[in-house]
Amino acid sequence: MPPLEILRYTYGPFAENTYVVVGPSGRRAMLVDPGLETEPVLDALRERGLEVELILNTHGHLDHVANNAFFKRATGAPLAIHPADLPYLRAVARQASL
């Protein structure tokens with residue numbers, strides 16, 4: 001089986017990392033931590049013809065979840081986050097206001 005490919009993109013005022021994990025087929029991918037100002041990642045996904053099958057948040061801080069809705073609309077992929085981080089995700093507007 002071919003190895004996974006991991007692509008890293010760094011954006012936003014916090015210079016956070018967003019990752020794309022490309023599956024062995026080279027066509028399916030998982031998007032990890034779509035934070036602030038990560039919209040250009042969508043262009044990179046489309047250029048490679050990648051289908052995002054899952055959006056994964058490693059935790060619920062603003063700089064890791066800010067563009068969840070953007071990528072959900074663009075890809076239709078489901079979102080996954082650990083249940084312990086749901087309160088942070090649900091309070092993302094409050095995080096932004098701070």
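Which residue in strand 3 stands opposite Tyr19? Val32 does. Let me build up the picture around that pair.

Two notes before I go on. This is a predicted model, where local features need pLDDT of at least 70, side-chain atom pairs count only at pLDDT 80 or more, and totals for chains, interfaces and linings use all residues. Residues are numbered from 1 along each chain as its sequence is written, and side-chain values use heavy atoms, with hydrogens and water left out.

Now the sheet. Strands here are DSSP runs of E with at least two residues, helices are runs of H or I with at least four, and both are numbered from the N terminus. Two strands pair if DSSP finds at least two bridges between them. In general, strands of a sheet pair through backbone hydrogen bonds, either parallel or antiparallel.

Our sheet is open, with five strands in the order 1-2-3-4-5 and mixed pairing. Strand 1 and strand 5 (79-80) stand at the edges, each with a single partner strand, so one side of each has no neighbour in the sheet.

Look at strand 1 and strand 2 (residues 16-22). They pair antiparallel over seven bridges. They also form a hairpin, with four residues between them. Gly12 sits in that turn and has a positive phi of about 85°. Strand 2 then joins strand 3 by four bridges, again antiparallel.

Next, the helices on the sheet. Helix 1 packs there, touching strand 1, strand 2, strand 3 and strand 4. Touching means contact: heavy atoms within 4.5 Å. The direction of helix 1 makes about 150° with that of strand 1. Helix 3 (residues 68-75) packs on the sheet too, touching strand 3, strand 4 and strand 5. Its direction makes about 155° with that of strand 4. Axes are lines fitted to C-alpha atoms, for helices over the stretch in contact, and angles run from 0 to 180 degrees between N-to-C directions.

How do helix 1 and helix 3 pack, and at what angle? The angle is about 30°, with the axes 11 Å apart. The two helices are therefore roughly parallel to each other. Angles under 35 degrees count as roughly parallel, over 145 as roughly antiparallel, 65 to 115 as roughly perpendicular, and the rest as oblique. Which residues meet there? Val41, Leu42, Leu45 and Arg46 in helix 1 meet Phe70, Phe71, Ala74 and Thr75 in helix 3.

On to charges. How many salt bridges does the structure hold? Two. The term means a side-chain nitrogen of Lys or Arg within 4 Å of a carboxyl oxygen of Asp or Glu.

Take Glu5 with Arg48: their closest N and O atoms are 2.8 Å apart. Glu5 lies in strand 1 (residues 5-11) and Arg48 in helix 1 (residues 40-48), so this pair ties together parts 43 residues apart in sequence. Glu5 also has a bridge partner in strand 2, namely Val22.

Now Glu53 with Arg28: here the closest N and O atoms are 2.9 Å apart. Glu53 lies in strand 4 (residues 51-56) and Arg28 in strand 3 (residues 28-32), so the pair ties together parts 25 residues apart in sequence.

Last stop: Leu62, in helix 2 (residues 62-65). Buried or exposed? Leu62 is buried, with a relative accessible area of 18%. Buried means under 20%, exposed over 50%, and partly exposed in between, using a 1.4 Å probe and protein chains only. Leaving aside neighbours within four places in sequence, Leu62 is in contact with Val92, Gln95 and Ala96.
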